Amino acid sequence: MSVSRRSALKLFAGGSLSAIAVTQAPIALAQTGPLYWDAAAPIPARVADLMARMTLEEKVAQIRTAWAAKGDMIDDLAFVPERASAAFPHGIGHVTRPSDKRGVPGISGAAGGTAARWRTPEQTVEFINALQRWALEDTRLGIPVLLHEESLHGYMATEATMFPQAIALAGSFDLDLMRRVQSTTAREVRSRGVPLVLSPVVDIVRDPRWGRIEETWGEDPHLVGEMGVAAVEGLQGQGKFEKLADGKVFATLKHMTGHGQPEAGNNVAPAQISERDLRENFFPPFREIVRRTSIRSVMPSYNEIDGIPSHANIWLLGEILRGEWGFDGAIVSDYGGVHELATLHGVADDLEDAARQALIAGVDSELPEGMAFATLVDAVNEGRVEQSLVDTACARMLTLKFRAGLFENPYGDAALSQRLTGNAEARALALEAARKGVCLLTNKGGALPLDRARVGRVAVIGPNHAIARLGGYSSVPKQTISLIEGLRQVAPEADFVTAQGVFITTSEDRSQDLVYLADREENLRLIEEAVEVASTADTIILAIGDTEQTSREGFATNHLGDRTDIDIVGEQNELVDALAELGKPLIVAAYNGRPPSWPNVVEKADAILECWYPGQEGGVAVAEALLGDINPGAKLPVTVVRNEGQIPYFYNHKPSARRGYLFDNKGPLFPFGHGLSYTSFVISPPRASEASYSLNEAIRVEVDVRNTGERAGDEVVQLYITRTDVSVTRPVLELKGFERVTLQPGEQRTLTFAIEPDQLTIWNREMQEVNEPGPVKLSVGASSAELQAIDVQIV
């Protein structure tokens, strides 16, 4: 690197993004420096030029990562160039979660979700900028470092905006909302100097025992695919492009695939899924996003399919993802996914063999530390691994860096981050998202909304009434609002009394490995206290459900998160029973990550408002919904089963399924797409533009929706198809379109849907994707269980 370039970098590294960009513009560099520094040159040429200058050690460094190894480059929290040079003489390719203090003695085991674990925004930018100055100035080739963060439902870092959990965002059925939420997340992440996030999760989920169900967008391929496209567009920008725009980050699709239906609901367990089921249900969201966006990063799943773990699955990652779909980005491993080929799955002899198999399958970067890839220098030098495998992976990771613009500007901007992170605009959007994510499940006799003038004293009770539940992959936002805080803010004149009711677990530390249910005897005493408080009230609001401990990612045998019992745990049902016996209106606010398979609660409660984990502003949104200031309009993105015996249960099952059971109801507790309102709607039967269509012709459908009630509200109109008389069995219903509309009392709107030919294709008996002639039933309605239909023909 030239002296003048070093001086410019030192001068402007702490400055604004615009200043840094100007100083690093390729005005003179194209003439005086190597081609790879020429921002105007084609990216493939820049990659080739840089690769030709690199040693094997430098190439391997580019496909490895550092997480705990951050401890080798810092003193306390400060980056130390001399320590980095000693620990990483060939450069650093990729650093994991720069906002995380991991690597500092005494911090790596700190409580997740507490401020003790995380750098402040200013500290994060300071660390990133010092790291990048070292990489550009003090390493031989000046290659900047790639950094990634988590952003499942907002940037997982201190002071960043925590939006509702993913499953709640899916329940909004609002694609524009998803784009805006993800765009806000991208701005907050990129302002700190991070160009890559490990989201979204586009797994199809079919097992509520799985603790990660909250991270998903539900069970339907079309809903998940459309939400996925919207999310990627929000994070990255729309359409096809080569270089990332300012304020945007590259997304990472995860986890490919089958992760959402693991054996017995156990995280990382085998996914017993056929190729047909993969192609019909699990592949479509990934394929749709690859087809329609500029997605540049994909993460394989932990599980195996047909005996092959995904991180070594050449068919999955090579033939399907890169071959059939034409994905040309980088494949980054899930944390530990490469070394687990040896340590868990037993398909690799050792770490070196695990690295070799992953590279052959197409994995380009090993997260979070690069334990297996660390063996590659010796393995290549001694002829056990082909250097071409390392070269290919390195080239892909360098391409990602060039596409992200890191060679032009790898820095964060502390002032910009301060302006953007958790600001008023972001907070307002978090409130809007929370409002649009609450779903009214039951409402017996119009128990909701509560009438402020007649509600009297309200007892607010339960383990979730005074805590803001954020869910997994959350950090510490600038502010959170619990239910009772929201109620007192929205209705300061009301008479609220409170009681704990029960505790669910013994701790609120979401990172704690072992989880213990709260003491039963203490809970029984607390139930008596709650009954005493409730007996003085006219109405009861009961906030129950999950904690971040009772439903979570089970990432190790000593850190479990999956369950065999999907009802509410501990003494919560006994609390419900005791309060129901008082005979007062009982309103349940459900805070949960897994679906509410709570038959006793459904029976005893007068109304149930599904809040999921509603994010940092959730207390206000839920209070507004309970008091009628807003009208709930969300729908369920999953089928809610009655009990574990019905699993797996999904609405788009085959015709021979769901025959019934002895001594039990075969139907779900709540169907996919279900959600009530404080007003009423009438949806007309669908109207098709033609009676028959050719194989290559889109089916165009119109439907009228009218608000027949007395207040404004939102309805989600859902369009399904049913195909019969074709060569293979088809689901009884398949969602092919949806639209959320807001209507005033008496207002009517006509919606138009187009079902394109590629939405009608099937995988025939020869496993070829074709569109076959035959009848198509078109069904529309407010849920998968409330439909009107007409028939058309494909000829």
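Reader: In this predicted model, in which loop is Pro200 found, and what is omega for the cis peptide bond that joins Ser199 and Pro200?
Author: Pro200 belongs to the loop that runs between β5 (196-197) and α10 (221-236). The peptide bond joining Ser199 to Pro200 is cis, and its omega is about 10°.

Reader: Where does His255 lie, and what is omega for the cis peptide bond from Lys254 to His255?
Author: His255 is placed in strand β6, which covers residues 253-256, and Lys254 is found in strand β6 as well. The bond that leads from Lys254 to His255 is cis, with omega near 0°.

Reader: Is Lys254 buried or exposed, and which backbone oxygen does its side chain reach?
Author: With a relative accessibility of 3%, Lys254 falls under the 20% limit and therefore counts as buried. Leaving out residues up to four places away in sequence, Lys254 touches Glu150, Leu198, Pro200, Val201, Val202, Asp203, Phe286 and Met299. Among these contacts is the residue whose backbone oxygen the Lys254 side chain reaches at 2.9 Å, namely Leu198.

Reader: In what order do the six strands of the open sheet stand, and which are the edge strands?
Author: The sheet is open and its pairing is mixed, with the strands in the order β11-β16-β15-β14-β12-β13. From one strand to the next, the twist averages 20°. Each edge strand pairs on one side only, and these strands are β11 (439-443) and β13 (495-499).

Reader: How many bridges join strand β12 to strand β14, and which residue in β14 is the bridge partner of Val460?
Author: Strand β12 (residues 457-461) and strand β14 (residues 539-545) run parallel, and the number of bridges joining them is four. For Val460, the bridge partner in β14 is Ile541.

Reader: Which helix packs on the sheet, and what angle does its direction make with that of β13?
Author: The helix that packs on the sheet is α19 (residues 483-490), and it touches β12, β13, β14 and β15 (586-591). The direction of α19 makes an angle with that of β13 of about 170°.

Reader: Why is helix α14 described as largely enclosed by the rest of the structure, and which elements cover its buried residues?
Author: Helix α14 (residues 351-361) is largely enclosed because eight of its eleven residues are buried. Those buried residues are Glu352, Asp353, Ala354, Ala355, Gln357, Ala358, Leu359 and Ala361. The elements that cover them include α12 (314-324), α13 (340-343), α15 (376-381) and α16 (387-403).

Reader: Which residue caps the N-terminal end of α14, and which residue with positive phi follows α14?
Author: At the N-terminal end, the cap is Asp350, a side-chain oxygen of which lies 3.2 Å from the backbone nitrogen of Glu352. After α14 comes a residue whose phi is positive, near 115°, and this is Gly362.

Reader: Is Glu715 buried or exposed, and which side chain does its own side chain join in a polar contact of 2.8 Å?
Author: Glu715 is found in strand β21, and its relative accessible area of 6% is under the 20% limit, so it is buried. Leaving aside neighbours within four places in sequence, Glu715 is in contact with residues including Phe681, Ile683, Glu739 and Arg740. The polar contact of 2.8 Å joins the side chain of Glu715 to that of Lys635.

Reader: Where is Asp725 placed, and what is its relative accessibility?
Author: Asp725 is in the loop between β21 (713-723) and β22 (734-743), and its phi is positive, near 60°, although the residue is other than glycine. Asp725 counts as exposed because its relative accessibility is over 50%, at 64%.

Methods
Residues are numbered from 1 along each chain as its sequence is written. This is a predicted model: local features need pLDDT of at least 70, side-chain atom pairs count only at pLDDT 80 or more; totals for chains, interfaces and linings use all residues. Side-chain values use heavy atoms; hydrogens and water are left out. Two strands pair if DSSP finds at least two bridges between them. Helices (H or I, at least four residues) and strands (E, at least two) are DSSP runs, numbered from the N terminus. Axes are lines fitted to C-alpha atoms, for helices over the stretch in contact, and angles run from 0 to 180 degrees between N-to-C directions. Contact means heavy atoms within 4.5 Å. Buried means under 20% relative accessible area, exposed over 50%, partly exposed in between (1.4 Å probe, protein chains only). A polar contact is a pair of N or O atoms within 3.5 Å; within protein, one must be able to donate a hydrogen and the other to accept it, and residues adjacent in sequence count only if both atoms are side-chain atoms.
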